[in-house]
Amino acid sequence: MGKYEPFGQFLKKQKRDRVRMTFAEIESLIGAKLPKSSKAHRAWWSNNPTNNVMTKEWLDAGFETEEVELAAE
């Protein structure tokens with residue numbers, strides 16, 4: 001199982017169209033800290049499927065990022 005698979009599995013189980021999560025909630029699901037770049041660069045959260053491994057998880061689950069509040073995490 002890949003590092004971000006638990007996040008993807010969580011999203012696939014959601015019945016809602018939107019899922020708001022904090023960085024801490026995501027870290028709890030994956031059992032690790034998010035990369036420093038995720039907290040410093042908005043581009044890390046883009047919906048480009050070649051962006052990073054975690055992007056593929058939320059896209060494969062049928063979700064896209066809309067708003068990311070880096071300062072609030």
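Which residues have the most contacts inside the largest nonpolar core? They are F7, L34, W45, M54 and W58, in a core of 15 residues.

## Basis

This is a predicted model, where local features need pLDDT of at least 70, side-chain atom pairs count only at pLDDT 80 or more, and totals for chains, interfaces and linings use all residues. Residues are numbered from 1 along each chain as its sequence is written, and side-chain values use heavy atoms, with hydrogens and water left out.

## Nonpolar core

A nonpolar core here is a set of buried Ala, Val, Leu, Ile, Met, Phe, Trp, Tyr and Cys residues joined through side-chain atoms within 4.5 Å. Buried means under 20% relative accessible area, exposed over 50%, and partly exposed in between (1.4 Å probe, protein chains only). The largest share, three residues, comes from α2. Helices are DSSP runs of H or I, at least four residues, numbered from the N terminus.

F7 touches M21, I26, L29, I30, M54, E57 and W58, leaving out residues up to four places away in sequence. Contact means heavy atoms within 4.5 Å. In soluble globular proteins, nonpolar side chains tend to be buried together.

## Helix α2

Helix α2 spans residues 23-30, and F23, I26, E27 and I30 are buried in it. Seen down the helix axis, these buried residues fall within an arc of 100°, so they line one face of α2. The arc is that of the directions from the helix axis to the C-beta atoms. The face turned away from the buried side carries the exposed residues A24 and S28. Cover for the buried residues includes α1 (5-12), α3 (36-40) and α4 (53-60). G31 follows α2, with a positive phi near 70°.

E27 lies in α2. Its relative accessible area is 11%, so E27 is buried. Beyond neighbours within four places in sequence, E27 is in contact with A32, K33, L34 and K39.

## Largest pocket

The largest pocket holds about 660 Å³ of space. A pocket is an open set of points on a 1 Å grid over the protein atoms alone, where a 1.4 Å probe fits, with protein on both sides within 12 Å along at least five of seven lines; lining residues have an atom within 4 Å of a point. The volume is the space filled by probe spheres set on the points.

The lining has 22 residues, and V19, R20, M21, E66 and E67 are the closest to the pocket centre. α1 and α2 are the elements that give two or more residues to the lining. By class, the lining has eleven nonpolar, three polar and eight charged residues. Ala, Val, Leu, Ile, Met, Phe, Trp, Tyr, Cys and Pro count as nonpolar, Asp, Glu, Lys and Arg as charged, and the others, Gly among them, as polar.
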